[in-house]
Amino acid sequence: MTRRIFRSILAVAVAVLLSCIALVMGVLYNYFGSVQEKELLTQLALAAEGVEQSGMDYLRALDGSESRLTWIDAEGRVLFDSRSEAESMENHAEREEIRQALETGSGRSSRYSATLTEQTDYYALRLSDGTVLRSSTARLTMLALTLSMLYPFVLILAAALALSLVLARRLSRKIVSPLENINLDKPLDNDAYEELSPILTRLEMQHREIKLQKEELRERKNEFLAVIGNMREGLVLLSDNGTVLSINPAAKAFFGVRGSCTGQGFITVERDREINLTMEAARRNGSAELSLSRGGREYQLRVSRVEAEDRPLGLVISVFDITDRVFAERSRREFTANVSHELKTPLQSIMGSAELLENGLVRTEDVPRFIGRIRRESARLLALIEDIIRLSQLDEKAELSFEELELYELVREELSALEPKAAERNVKLAITGDKATLCGVRQLLGEVVFNLCDNAIKYNRDGGSVTVNVSESGENAVITVSDTGIGIPHEAQDRVFERFYRVDKSRSRQIGGTGLGLSIVKHAVQYMDGSVSLESEHGAGTAVTVTIPKRQCR
C-alpha cells in the first residue's frame, strides 16, 4: 500500500509540474507573440506612412531595420525588399497576405520553416496608390522554444522529481503509519482515521463472534477428548489419505503406540496385513469388520467410511475388547457341556441300577448295594442341581437378605459340621484369629467357608491339617483357609474358580464333588462386594484368602 501511495503522489507531482511548465510556456509564448505582433503592426503603420510621404527614399533609409519590409505593386512585382534584391524575387501576387491586402486593405499569414523550428509572420497594408507594403518577422515555434529550453527544463524536472520523491515518501509513510500501527486484536482501542471507525467496529464484532466460536469449539474439543479418552473402546480417526487425525489411549494401547502419532500415516502405526485389507474393504463397501487375538485377549475391529456430499472424507476405526463376551460364550458352551455330562453320569448309573432291579437280574444279597448306589447317585445329582441353582441365583443377582454376622462363630459352626469328614480322612481342623463383625449374607458366607474347608479336606494328605484364620484389616474382614494338601500347579491356579474345572479329573472323580464349589465361592464373595485370592505351591499346600467389606446393615 505504501508503494501505491508513493507512486500516486509522485505521479501527481510530476503531472502537476509538467502541466505548469506547459501552461507557463504556452502563456509566455502567446504573450510575447502578441507583443511582437503589435510592434510589427505599429512598425508597418509607421512605414506605410513614411512610404506614402517619401516613397522609395524612406525605405532605403530603413535598410537596417530588424523587421523585413517588402513593397509590392498591384501586379505582385516586388519593388523593394529590405533583405533581398527586388529584381531576383518572384511575383508575390499569389501570396496569401498580398491577396488579402489587395482585396480588403490588409492581410496576414504565417509560414513555417521546413524543420518546423521557425515561424515567419507576414502583415500587409494596401497603400493609397494601390501598392502593398508588407512587414515580416521570424520567431521561434513552440517546438523550437521547447528544444531551446530543454536543458533547464531537465534540471528543473530533476530537482522537482527529487523533491517529489522526498515529499511523497514522507507523506506516504505518514498516511500508512496509523494503518500499520492498528491493533487488530483490540480494534476499538485504536486512534486511527475516523473513516476507519465502521471497519474497526465490524472487526470488533467479528473478534467477539470468533472468540465465542473458538470457546465453543474448545469446549466441544475438550468434551470430545474427555469422552474418547475415557472410552474403553479404541477409536482412531483417519483422513482420506490415511493420516491419523485423532487416536484415544485405548487405541494407542491396542496398537502399541507410544507418544503422539497425530499427523503421521496410519501405516507407521499398524502394518498388520489383515487390518489393512479390512480398511481397504471399508473404503470400497462403506464398512468392514475383523476379529483378532492380541496379548491373550479377543478384539473386534469395525472400520467405517466417513462421507460428506458423496465425497469420502476418511475412516473411523473402532476397537472393541470382546474378551469377556468370547470367554462368556465359551464358558456357556463349556458349562452346558459339563452340566449335560455331570447330569448324565449319575442318571445313567441310577437308570442302570433301577433297570437291573426291575428286571430281577440282581441277586437278593446284592440288592442293598444297588439301592445304595441309586441313593448315592441321587444325592450327587441333587447336590449338583442345588449348586447350579445357587450359581444361577448369584449370576442373576437375586435379592438375598444381609444381616449382622459374627464371622468367628460362623466359621466355628461350619468347621463343627465338617469334623466327621475331617476325622474320616485323618485331617485336623483349627480356627485362629479374633472376632470380626460384618454385614453379610449368612447362607453365602456359610457356603464360602464350607466349600473352602471341604476342598482343603478332600485334597489334603493323610495326617494333614486345615487352619482357618479370621481377622480384620482396616474396613475389611478377612478369612484365610490354609491346608497342607497336594497344592495346585501354577498353570492351573487361574482356572480353579471356573465352573466344573478340575485339576486332576481322575482324582476328583474318586474324591467326589460337583466341580462347582470354588465357582460358588467366587460368585458369593463378589455378591458381597468382596474378593478372593489364592496362593499355592504344588505339593506344599494352598492358602485361599477371602476379603469382605465390613459395611453397616441398614
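In this predicted model, the count of aromatic pairs comes to 4. One of them joins Phe255 and Phe266, whose ring centres are 5.5 Å apart and whose planes stand at 90 degrees, so the pair is edge-to-face. Planes over 60 degrees apart are what that label requires. Phe255 belongs to helix α7, residues 249–255, while Phe266 is in the loop between α7 and α8 (273–285), so this contact ties together parts that are 11 residues apart in sequence. Both Phe255 and Phe266 are buried.

A stacked pair is formed by Phe402 and Tyr527: the planes of their rings are at 10 degrees and the centres 6.2 Å apart, so the pair gets that name. Here distant parts of the chain are linked, as Phe402 lies in the loop between α10 (367–395) and β11 (403–406) and Tyr527 in helix α14, 125 residues apart. Are the two partners buried or partly exposed? Phe402 has a relative accessible area of 30% and is therefore partly exposed. Tyr527 has a relative accessible area of 12%, so Tyr527 counts as buried.

Which ring does the charged end of Arg111 sit over? It is the ring of Tyr122, and the charged end of Arg111 is 3.9 Å from the centre of that ring. In another such arrangement, the charged end of Arg302 sits over the ring of Phe320, at 4.7 Å from its centre.

Trp71 is a further aromatic residue to look at. Trp71 is part of strand β1, which covers residues 68–72. With a relative accessible area of 10%, Trp71 is buried. In sequence, Trp71 and Arg134 are 63 residues apart, yet their C-alpha atoms are 6.3 Å apart in space.

The cysteines come next. How many disulfides are there? The count comes to 0, where a disulfide would need two cysteine sulfur atoms within 2.5 Å. Two of the cysteines can be described by their accessibility. Cys261 is buried, at 3% relative accessibility, and Cys453 is buried too, at 0%.

Asn460 sits in the loop that runs between α12 (442–458) and β14 (465–473). The relative accessible area of Asn460 is 4%, so this residue is buried. What does its side chain lie beside? A polar atom of the side chain of Asn460 is 3.1 Å from the backbone oxygen of Ser465.

Asn426 is in the loop between α11 (407–424) and β12 (428–433). Its phi is near 60 degrees, which is a positive value in a residue other than glycine. Asn426 is partly exposed, with a relative accessible area of 44%. Asp529 likewise has a positive phi, about 65 degrees, although Asp529 is not a glycine. The loop that holds Asp529 lies between α14 (517–527) and β16 (531–536).

Note on methods:
Residues numbered from 1 in each chain as written. Predicted model: local features only at pLDDT ≥ 70, side-chain atom pairs only at ≥ 80, totals over all residues. Heavy atoms only, no water. Helix = DSSP H or I, 4+ residues; strand = E, 2+ residues; numbered from the N terminus. Buried < 20%, exposed > 50% of the residue type's maximum accessible area, 1.4 Å probe, protein only. Polar contact = N/O pair within 3.5 Å; in protein donor to acceptor, adjacent residues only side chain to side chain. Phe/Tyr/Trp six-rings, centres within 6.5 Å; stacked < 30°, edge-to-face > 60°. Lys NZ or Arg CZ within 6 Å of the ring centre and 35° of its normal.
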